[in-house]
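Welcome! Here is a short tour for anyone meeting this structure for the first time. Take a look at it, and then read on.

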Amino acid sequence: MKSSLIVVLLLLLGFSARADMLSDASARFQDGEYEQSAKLYEQSLEKSPPSAAVFFELGRALNKTGQEARAALNFRRALILDPRFAPARSALQEANVALGIPPVKQGWQAQVVERIPMDSLTLAGTVFFWGGAFVGLAAFLPTAFRKRRLVAGLLLLLLGISLVSVVWLCDPRVTLANTALVLTNGGTSVRSSPADQSEKTASLPQGSIVNLLSQRGRWFYGQLPGGAKGWFLTEGIVPLIPPA
């Protein structure tokens, strides 16, 4: 009992310390101390679970210091956690304009996540799946309406599988798992093979998004925004989803 109370007390103290840190970060931002504000938001993210709101505020502070690429990275991270976070989407568009990144047409997946919470869709799919499994199993019991129960169970199973499949196809926490942003000042060069002397095939400006396919030493092989593929150095290529 005593140990449980100690754990609860430590958790409460941790929440209180994080709240104080976020309050201090917000106050520093209001006072124009943007670098200090950004550091406090980064410390909060290091010590606590990721938060769309904190990523957004960190992006705002970085943007005020002229670090548009790092700001864009954090706006994107906010949108991965909450795709319906409209202020983060607007801020990302402004940061991309400052970086010279052309707008990308949104696919149907982006439209889905902007309208439907993925966690709710996952929960609904799980409930329908297990509900269908239960009803389907009940059809094998010696009771009436066996055929109707079997059909209802199969329909619920299919509905559950369909909803979970939509989540896997649309949830940015899944679809952007291998996606990264070019953070290097001046961008990075894309080459035909993983060697400094190989042919340069393209240039990626700072703030560009790439899909990482494989890695060989200090080189990434990835797909570029236009669909072409090539090799580029790992330095300055930061995953959109932070490592756990």
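In which strand is Thr-179 found? Thr-179 is found in strand S1 (residues 179-182); strands (E, at least two residues) and helices (H or I, at least four) are DSSP runs, numbered from the N terminus.

## Before we start

This is a predicted model, in which local features need pLDDT of at least 70 and side-chain atom pairs count only at pLDDT 80 or more, while totals for chains, interfaces and linings use all residues. Residues are numbered from 1 along each chain as its sequence is written, and side-chain values use heavy atoms, with hydrogens and water left out.

## Domains

The domain assignment of the protein chain gives domain 1 (2-99), domain 2 (117-173) and domain 3 (179-239); such bounds come from an automatic or database domain assignment. Taken over C-alpha atoms, the centres of domain 2 and domain 3 are separated by 42 Å.

## Two nonpolar cores

A nonpolar core is a set of buried Ala, Val, Leu, Ile, Met, Phe, Trp, Tyr and Cys residues joined through side-chain atoms within 4.5 Å. Buried means under 20% relative accessible area, exposed over 50%, and partly exposed in between (1.4 Å probe, protein chains only). The largest core here has 27 residues, and Phe-56, Leu-58, Phe-75, Ala-78, Phe-85 and Ala-88 have the most contacts inside it. Helices H1 (2-30), H2 (34-47), H3 (52-64), H4 (68-81) and H5 (86-99) each give two or more residues to this core, and the largest share, seven residues, comes from H3.

A second, separate core has 10 residues, including Val-190, Leu-204, Leu-212 and Phe-232.

Thr-179 counts as buried, at 7% relative accessibility. Leaving out residues up to four places away in sequence, Thr-179 touches Ile-209, Val-210, Asn-211, Pro-239 and Leu-240; contact means heavy atoms within 4.5 Å.

Ser-208 is found in the loop between strand S3 (200-204) and strand S4 (209-216). Ser-208 is also buried, with a relative accessible area of 5%, and its side chain reaches the backbone oxygen of Pro-205 at 2.7 Å. Beyond its neighbours within four places in sequence, Ser-208 is in contact with Ile-101, Ala-180, Leu-181 and Val-182.

## Aromatic pairs

Rings of Phe, Tyr and Trp (its six-membered ring) pair if their centres lie within 6.5 Å; planes under 30 degrees apart count as stacked, over 60 as edge-to-face and the rest as tilted. By this rule there are six aromatic pairs. One of them is edge-to-face: Phe-129 and Trp-130, at 5.2 Å centre to centre with 90° between the planes. Trp-130 is exposed, at 58% relative accessible area, while Phe-129 is partly exposed at 29%.

Phe-220 and Phe-232 make a tilted pair, at 6.4 Å and 55°. Phe-220 lies in strand S5 (residues 219-223) and Phe-232 in strand S6 (residues 229-233), so the pair ties together parts 12 residues apart in sequence.

## Salt bridges

A salt bridge is a side-chain nitrogen of Lys or Arg within 4 Å of a carboxyl oxygen of Asp or Glu, and by this rule the count comes to nine. In one of them, the side chains of Arg-70 and Glu-42 meet at 2.3 Å, N to O. This pair links distant parts of the chain, with Arg-70 in helix H4 and Glu-42 in helix H2, 28 residues apart.

Asp-171 and Arg-173 also meet in a salt bridge (2.8 Å, N to O); Asp-171 is buried at 4% relative accessibility, whereas Arg-173 is partly exposed at 36%.

How values were computed. A polar contact is a pair of N or O atoms within 3.5 Å; within protein, one must be able to donate a hydrogen and the other to accept it, and residues adjacent in sequence count only if both atoms are side-chain atoms.
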